[in-house]
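Me: I would like to go through the terms used for this protein and see what each one rests on. Please set each value against its definition.

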Amino acid sequence: MPMYFAPMEGLTDDIFRRAHKACFAGVDKYFIPFVAPTQHCVFMPKEKTALLPENNQGLYAVPQVLTKNVEYFLWAAREMRDMGYPEVNLNIGCPSPTVTTKGKGSGMLKDPESLQYFLDDIFSRSPLPISVKTRIGYDSPDEWPRLLEILKHYPMLELIIHPRTRSEQYRGDVHPDAFALAAENVSCPLVYNGNLFTAADFQAIQAQYPAVSLMAGRGAMTNPALFQEAAGGEKLSIPQLRTFIDTLYHGYAARYDQSVIIGRMRDVLKMLALGFEDSKKPLKAICKARTLDAQHLAIEQLLSLPLKETPAFGDT
Ligand SMILES: Cc1cc2nc3c(=O)[nH]c(=O)nc-3n(C[C@H](O)[C@H](O)[C@H](O)COP(=O)(O)O)c2cc1C
């Protein structure tokens with residue numbers, strides 16, 4: 001079963017992706033957090049860093065575009081093709097208000113007719129095969145049948161479905177019926193994304209949908225060995241986690257100054273801490289640390305704790 005690391009803006013940057021690939025097995029594709037092209041037709045420095053092929057060497061990375069403008073999409077896709085990427089992903093799922101109020105991300109689901117025109121254009125003119133990452137509606141899952149009716153007509157490389165609406169953000173249960181409807185009606189390859197927190201969660205979806213690929217985000221941030229475990233490999237161990245944290249730290253230290261290193265490491269460590277028993281104290285120390293020494297001490301505190309039997313994002 002193909003397995004994908006979900007894009008997570010602010011977390012799964014190029015340094016994170018390379019460190020993860022160096023330390024853990026099981027990921028077939030790493031999705032790069034979105035770039036949002038504008039009329040200026042330049043990538044922002046942060047976007048450039050994320051996309052540079054040399055920053056994604058040794059792993060299969062998929063660039064993602066967030067826009068409602070056909071020409072901006074096509075410009076970004078051409079740039080990505082020229083960089084050597086074999087595919088591009090369209091984000092019509094982002095629920096962030098700063099994105100949706102501009103009619104982008106899951107804001108595009110609010111107006112199915114405009115979405116259809118947009119898809120008509122990009123699918124007929126894109127220089128690269130396109131996959132789409134979507135939610136099942138803006139306000140209500142009742143919107144899904146109509147959206148699916150539109151989405152199913154395009155020659156998508158893959159359709160990645162996070163079966164929640166925009167208003168549900170990342171909270172609560174997913175809607176398995178909505179995914180089932182897609183599995184019955186769509187002929188392109190499907191990818192399931194949402195609340196895959198343990199290897200058993202992967203196996204349950206695989207048993208139900210043997211042909212579907214699986215994408216995980218938060219679960220893999222808390223247990224970076226999740227994919228390797230789901231593939232039948234080793235469970236997360238402290239030595240492997242220590243190597244990962246060291247690799248990540250050295251990656252950040254080679255590029256950033258102290259305050260950025262601390263910030264980047266803190267965001268990752270906060271997710272990792274959820275995989276440990278009784279991690280309240282080191283978590284507090286991680287959040288408070290303002291120097292590398294203090295952060296290092298907090299990391300040692302964390303790594304001295306036992307890992308949860310099944311480290312999982314969802315049980316916190
Ligand atoms: C902090 C954060 C940043 C995210 N950034 C992106 C992004 O750049 N592009 C995207 O398509 N989804 C993004 N997502 C959504 C995830 O890719 C994924 O769909 C979501 O976390 C649900 O999967 P999970 O239950 O496995 O975490 C983000 C989610 C979070 C929590």
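Reply: A salt bridge is a side-chain nitrogen of Lys or Arg within 4 Å of a carboxyl oxygen of Asp or Glu. The model is predicted: local features need pLDDT of at least 70, side-chain atom pairs count only at pLDDT 80 or more, and totals for chains, interfaces and linings use all residues. Residues are numbered from 1 along each chain as its sequence is written, and side-chain values use heavy atoms, without hydrogens and water.

Me: Why is the pair Arg 264 and Asp 13 called a salt bridge?

Reply: The closest N and O atoms of Arg 264 and Asp 13 are 2.5 Å apart. The limit is 4 Å, so the pair qualifies. Across the interface of domain 1 and domain 2 the rule finds two salt bridges.

Me: What makes up the contact between them?

Reply: Contact means heavy atoms within 4.5 Å. On that basis 23 residues of domain 1 and 22 residues of domain 2 take part.

Me: How much area is buried between domain 1 and domain 2?

Reply: About 1900 Å², with 69% from carbon and sulfur atoms. Buried area is the accessible area (1.4 Å probe) that two parts lose on being put together, summed over both, so the figure covers domain 1 and domain 2 together. In domain 1, Ile 15, Cys 23 and Thr 222 lose the most area to domain 2, together 31% of what that side buries.
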